[in-house]
Number of protein chains: 2
Amino acid sequence: MTQELFARYSFLLDRTARKVKQYAQQQFKTGEFDVTVDQWLVLKNLAENELLSQTELANLVFKDNPTLTRIIDLLCKKSYVERIPHPQDRRSFQLHLTEAGLTKVNELRPKILEIREKAWENLTASDFEEFKRILNTIYKNLDGQAIE
Amino acid sequence: MTQELFARYSFLLDRTARKVKQYAQQQFKTGEFDVTVDQWLVLKNLAENELLSQTELANLVFKDNPTLTRIIDLLCKKSYVERIPHPQDRRSFQLHLTEAGLTKVNELRPKILEIREKAWENLTASDFEEFKRILNTIYKNLDGQAIE
DNA sequence: TACCAATAGTTAGTGTGACAAATATATGCA
DNA sequence: TGCATATATTTGTCACACTAACTATTGGTA
């Protein structure tokens, strides 16, 4: 394989990732979901893990701290999330899904799964395994941190 | 495959695409390349195609027009690119790589190929074919436009 | 106790992405 | 010719990614 092709694959990867996010965001919009795709990812993880700190959550969703701060800001403004001061550590917050936030997650979850499905038409289960393996290999190749 | 897994794949795709771009951007920075990853993509395409209009270039690199306008603005500010009024169509520009721009492309091209290569360690040629096929299938599944 | 390094989170700055709306020009057709 | 429509580009707004710098706090240690 020539080196030129490597660049080509980076391009396809970026292009496809953007298309997936854009498509989902469009569906979010027409469905009036009132959150963005990334905000949804954060909400979903909060529903599955109570009382996370921002740093813990950032590690879960693989976003950096500044990005997460702003997403949490927006979710607080929409009253889906609350920052509760950590009882022992005054630097830290425990993130808490509000009643409205929980309702939102339960309302959106099935709709979003439908949206996701669209991307994977015409692909088989073994395609998914291959795809996952390749994506994770690339990720590990570039990630300085230890990966289990 | 359960629906939950679909969401998981979207997540992996997004995470990996971001890592690839971030890694490349880091290398660009330590190498003092003086351009961003996206600016490089634009420069490279300009080197390979003289006298494109902005819309033509936008279609080539799969960015929308406003995004491209801003990238071109930055490249003009760095004197790598010039907007030349189109002789027949006063709405349009012909994009022209300056001497400095051409020099930059030739200087960076080999370095960038090395960077790209890092991502693809531990993967075989047939992995690439699979990867390309899957990425393109996903893209087409979601793209409203006609795809050849 | 007093320092010091590490940690949690925020702020600021730049670049990119998506989308809508605005502007200017071009083109087709009555 | 004259108007409606289409096209090329720009502008504005919001969201996200990444870096660097900053505040506040914690915990270890001399």
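How much area do chain B and chain A bury between them?

1. Chain B and chain A bury about 5700 Å² between them, and 68% of it is on carbon and sulfur atoms. Buried area here is the accessible area (1.4 Å probe) that two parts lose on being put together, summed over both.

2. A word on what you're looking at: this is a predicted model, where local features need pLDDT of at least 70 and side-chain atom pairs count only at pLDDT 80 or more, while totals for chains, interfaces and linings use all residues. Residues are numbered from 1 along each chain as its sequence is written, chains are lettered from A and ligands numbered from 1 in the order in which they are written, and side-chain values use heavy atoms, leaving out hydrogens and water.

3. Now the contacts (heavy atoms within 4.5 Å). On chain B, 52 residues touch 52 residues of chain A. Since 100% of the interface residues of chain B are also interface residues in chain A, the copies meet through the same surface.

4. The rule finds six salt bridges across this interface, each being a side-chain nitrogen of Lys or Arg within 4 Å of a carboxyl oxygen of Asp or Glu. B:D14 pairs up with A:K21 in a salt bridge, with the closest N and O atoms 3.8 Å apart.

5. Which element gives the most to the side of chain B that touches chain A? That's α1(B), with 18 residues. Helices are DSSP runs (H or I, at least four residues), numbered from the N terminus.

Definitions and conventions:
Helix = DSSP H or I, 4+ residues; strand = E, 2+ residues; numbered from the N terminus.
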